[in-house]
Amino acid sequence: MKSLNSGWLNGLIGIVIFAGSLPATRVAILELSPTFLTAARAAIAGVIALALILLSKQKMPEKKDWLPLFYVAIGVVIGFPLFTALALQFVSAAHTIVFVGLLPLSTAIFGVLRGGEKPNLMFWVFAVLGGLFVFGYMLFQTGSWAFNYGDIFMLIAILLCGFGYAEGGTLSKQLGSWQVICWALILTLPIMLLIAYLYLPINMAEISLSAKLGLAYVSFFSMLIGFFFWYKGLAQGGIAAVGQLQLLQPIIGLLIAAVILHEHVSISMFAVTIAVIICVAFAKKFA
């Protein structure tokens, strides 16, 4: 029980950190290309990860672990950052948050397919219900629905992210939470460094402080520190169960956006927040 509760606490900390990712990406993408932003955040985090692995004298992963690490890298180091950045060129940050409400379902499904987990029927009922609350609210916020390139990119991002979360959560039971994301970053470090160099903006010195801070946030927090808590939470509490905490991410993200971007936060948002928290609580109970 202690491990389970610790899993939910670590998962919640990870989600709070991740909630700032889309607002930070939105700020950075106004002046930086999606390709550079994706490569730069992975390269910066990868250099730090390499230092952590060397300083702590971690053993090399076993041969059987490298393919799952590659899957983690494809999902969360490359896939989700790249496709969300691409999506934000076509749609608003608020629109992309619609799809984040589907991330818990994506994570739970891959947790079953890749992690061998077997949540019961009531878990799925509350998981779907929570997703519908968030999805419906976000559609109401955006005011319209028009399927475009941004939507396609976000659907791909959500699938890849859920896949990467499930792989990382499963592998964390063997390698450790922070070790998994560090090795995944190291695996892609050479190519990310090269791409970041090739796509480095000519006018980098003229890039605004806000865009640089956005890059810093997604590099240090979204790409590295958040995973220390998130993968540990998934390993301790279960991928499908703890993954339901992602239902809170869109709400927290809007709160962050309200503070940073001065967006209006309505009473209906708090009503949906309460509904989502109830769904998370029941999903936890039946997981």
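# Cavities, pocket and aromatic packing

The second largest cavity has a volume of about 60 Å³. The model is predicted: local features need pLDDT of at least 70, side-chain atom pairs count only at pLDDT 80 or more, and totals for chains, interfaces and linings use all residues. Residues are numbered from 1 along each chain as its sequence is written, and side-chain values use heavy atoms, with hydrogens and water left out. The protein has 13 helices and 0 strands. Helices (H or I, at least four residues) and strands (E, at least two) are DSSP runs, numbered from the N terminus. Of the 287 residues, 53% count as buried, meaning under 20% relative accessible area; exposed is over 50% and partly exposed lies in between (1.4 Å probe, protein chains only). Among contacts (heavy atoms within 4.5 Å) between residues at least 6 apart in sequence, 90% join residues at least 24 apart.

**Cavities**

- Cavities of 30 Å³ or more number 3.
- A cavity is a set of points, on a 1 Å grid over the protein atoms alone, where a 1.4 Å probe fits but cannot get out; lining residues have an atom within 4 Å of a point.
- Grid points are joined across faces, edges and corners, and a volume is the space filled by probe spheres set on the points.
- The largest cavity has a volume of about 140 Å³.
- Its lining has 16 residues, of which Phe-18, Ser-21, Arg-41, Phe-80 and Tyr-165 lie nearest the centre.
- Two or more lining residues come from each of α2, α4 (66–87), α8 and α10.
- α4 gives the most to this lining, with 4 residues.
- By class, the lining of the largest cavity has 10 nonpolar, 5 polar and 1 charged. Ala, Val, Leu, Ile, Met, Phe, Trp, Tyr, Cys and Pro count as nonpolar, Asp, Glu, Lys and Arg as charged, and the others, Gly among them, as polar.
- The second largest cavity is lined by Phe-18, Ala-19, Ser-21, Leu-22, Pro-23, Phe-80, Ile-97, Val-100, Gln-249, Pro-250 and Gly-253.
- For the second largest cavity, α2, α5 (93–100) and α12 each supply at least two lining residues.
- That lining divides into 8 nonpolar, 3 polar and no charged residues.
- Gln-249, one of the lining residues of the second largest cavity, sits in helix α12.
- Gln-249 has a relative accessible area of 8%, so it is buried.
- Leaving aside neighbours within four places in sequence, Gln-249 is in contact with Ile-15, Phe-18, Ala-19 and Val-100.

**Largest pocket**

- A pocket is an open set of grid points with protein on both sides within 12 Å along at least five of seven lines.
- The largest pocket holds about 170 Å³ of space.
- Gly-20, Pro-23, Ala-24, Val-27, Ser-210, Leu-213, Gly-214, Tyr-217, Ile-256 and Ile-260 form its lining.
- Elements giving two or more of these residues are α2 (21–29), α10 (209–237) and α12 (249–261).
- α10 provides the largest share, 4 residues.
- The pocket lining has 7 nonpolar, 3 polar and no charged residues.

**Aromatic pairs**

- The structure holds 15 aromatic pairs. Rings of Phe, Tyr and Trp (its six-membered ring) pair if their centres lie within 6.5 Å; planes under 30 degrees apart count as stacked, over 60 as edge-to-face and the rest as tilted.
- Phe-18 and Tyr-165 are stacked, at 6.1 Å centre to centre and 15° between the planes.
- Phe-18 belongs to helix α1 (residues 2–18) and Tyr-165 to helix α8 (residues 149–175), 147 residues apart.
- Tyr-165 also pairs with Phe-227: the centres are 6.1 Å apart and the planes at 65°, so this pair is edge-to-face.
- Tyr-165 lies in helix α8 and Phe-227 in helix α10, so the pair ties together parts 62 residues apart in sequence.
- Tyr-165 counts as buried because its relative accessibility is 4%.
- Phe-227 is buried too, at 3%.
- One aromatic cluster takes in Phe-18, Tyr-165, Phe-227, Trp-230 and Tyr-231.

**Nonpolar cores**

- A nonpolar core is a set of buried Ala, Val, Leu, Ile, Met, Phe, Trp, Tyr and Cys residues joined through side-chain atoms within 4.5 Å.
- The largest core has 78 residues, of which Val-77, Tyr-165, Phe-227, Trp-230 and Tyr-231 touch the most other members.
- Beyond its neighbours within four places in sequence, Trp-230 is in contact with Asn-10, Gly-11, Gly-14, Ile-15, Phe-18, Tyr-165, Val-242, Gly-243 and Gln-246.
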